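Notebook open, model loaded. I'm jotting down what I look up as I go.

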Amino acid sequence: MENDVERRCWDTTNLIAVANHENDRAHTCQRIINDAIKHQRWTIVMSSLASVEFVRRRGSAQLTEAQVRDLETIFKQPNIEVKDLSLEIADNARLFVLKYQDYAKLRPNDAVHLATAINVNASVLETYDEELLRLDGIADVKIRKPEWMPDNPRLL
Amino acid sequence: MTADNEVSLSLDAGDAGVVEAAAFIKATDLLLKALGAIEDSVARSKPQSRILNWKIRELSYRSPAKLCVLPETKAAECDHDRAEQLADKVVTHFNSASIYVAGGQGSLNIASGAAVKHLKELSTLVRKGGYRQISIGSRGTMYQIGSHQNLEELSETPVQRISQGSERGVVGSINVRSGMKFKLFNDSFGWIVDVTFEEDDLELVKKSLGRRADVYGSVVREPGHRPVSLTMRPGGLRDLPTGPEEAMDLDRLVGMWADDWDGTPAEEYLRMVRDGE
């Protein structure tokens, strides 16, 4: 039977926030990943494009072999789903660039993440990208910054 | 079981004012067949393993004769939450199928498509049985069926899309008797994908039995993205980490390249990556 595990779609900014150790952002995203992998609270869906974009800036120091291995491993973890950029998703992404041009400067890569979220019927697209965030309430999926809540809020 | 999941059937005999018992029984039978077919599809079970029983909640025989049923679990030992979720899904898919048959609107998936054959047959009572109107519905909304102009042409199978891609899951149930096949169990979404592969890859598939893997090839999906089947391309199977020794220590990801970070927010950092800066 099809499960009711929540699907949260992520774009690449969340992973970069973790790798860069951006204060509260890294902590929030780490908890979300942790709850996906270790506690199966939800599934994080990412476009395969994220594995391309999750790289260091040009001119940065080289990563060690172990770090490269770790980067590759993140996309293979349980409850981390990588959705390939199919022609169907690409077609939608192209349409979104035009459709939402009055609301945000949506670049093709951003549109791919949005199309992926809609394609997998995600409950939310989580991102730190301001242009994508502008489309919350306009696109066919909720868009917000990553949010982590404890399993039982009353224990807070 | 929640009362929200009630399913209704109504037969309006029009001026005649009398609903024939045979027609009412036939309509009831078709309604239950439709609900049963959806349950089989959603639960991937056989008719004899069904756990939902439909109990009469309301029944009136004067035209329009009305039947209202509610799901209950058959077996007392059955997990209540699972049955509740199943009932919820069955009624949701029944609702989709009702909308589809009533007006040719919306799209089918495998579960709602399972009911269409029976609901189309139900509509023949309108045309052949002389009834003015037959309505079906759930959760308080009724849809009139039988008036759709091109009912015969309505497809009973969902429109499927085929694309190149991959699916992830646990490899299981290898079958070599009627072509080379195995089932891929996606634990996250509860999907079971039927995978066909070439004989040359049998050893590769056997080695992955019981392991998590990515399978690459031509994927057939129903509307709503659910994968149905996959034709694996030669060698298109890659094992994924299963043991703790292969699992990633998340702490290593945090701050992995913070040594090179100058405080640029992630969204700006990504723009620089994309611009090749």
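I started with β2(B) and strand β3 (residues 65–73) of chain B, which pair in the antiparallel sense over eight bridges. For the record, two strands pair if DSSP finds at least two bridges between them. Helices (H or I, at least four residues) and strands (E, at least two) are DSSP runs, numbered from the N terminus. This is a predicted model, where local features need pLDDT of at least 70, side-chain atom pairs count only at pLDDT 80 or more, and totals for chains, interfaces and linings use all residues. Residues are numbered from 1 along each chain as its sequence is written, while chains are lettered from A and ligands numbered from 1 in the order in which they are written.

I looked up who faces whom. Leu52(B) sits opposite Thr73(B) of β3(B), and Trp54(B) has Pro71(B) in β3(B) as its bridge partner. Four residues separate β2(B) from β3(B), and the two strands make a hairpin.

Next I traced the sheet these strands belong to. In chain B, five strands make an open, antiparallel sheet in the order β2-β3-β1-β4-β5. At its edges I have β2 (52–60) and β5 (141–145) of chain B, each pairing on one side only. From one strand to the next, the twist averages 20°. Axes here are lines fitted to C-alpha atoms, for helices over the stretch in contact, and angles run from 0 to 180 degrees between N-to-C directions.

Then I checked what packs on the sheet. Helix α2 (residues 80–103) of chain B does, touching β1 (7–12), β2, β3, β4 (133–138) and β5 of chain B. Its direction makes about 40° with that of β5(B). Contact means that the C-beta atoms of two residues, placed from the backbone, lie within 7 Å. Helix α3 (residues 110–129) of chain B lies across β4 and β5 of chain B, at about 150° to β4(B).

I zoomed out to the chain. Chain B has six helices and 10 strands, and 35% of its 277 residues are buried. Buried takes 20 or more other C-beta atoms within 10 Å of a residue's own, exposed 12 or fewer, and partly exposed is in between, with C-beta atoms placed from the backbone.

Last stop: Pro241(B), in the loop between β10 (227–239) and α5 (250–253) of chain B. Why does Pro241(B) count as partly exposed? Because it has 15 C-beta neighbours inside 10 Å.
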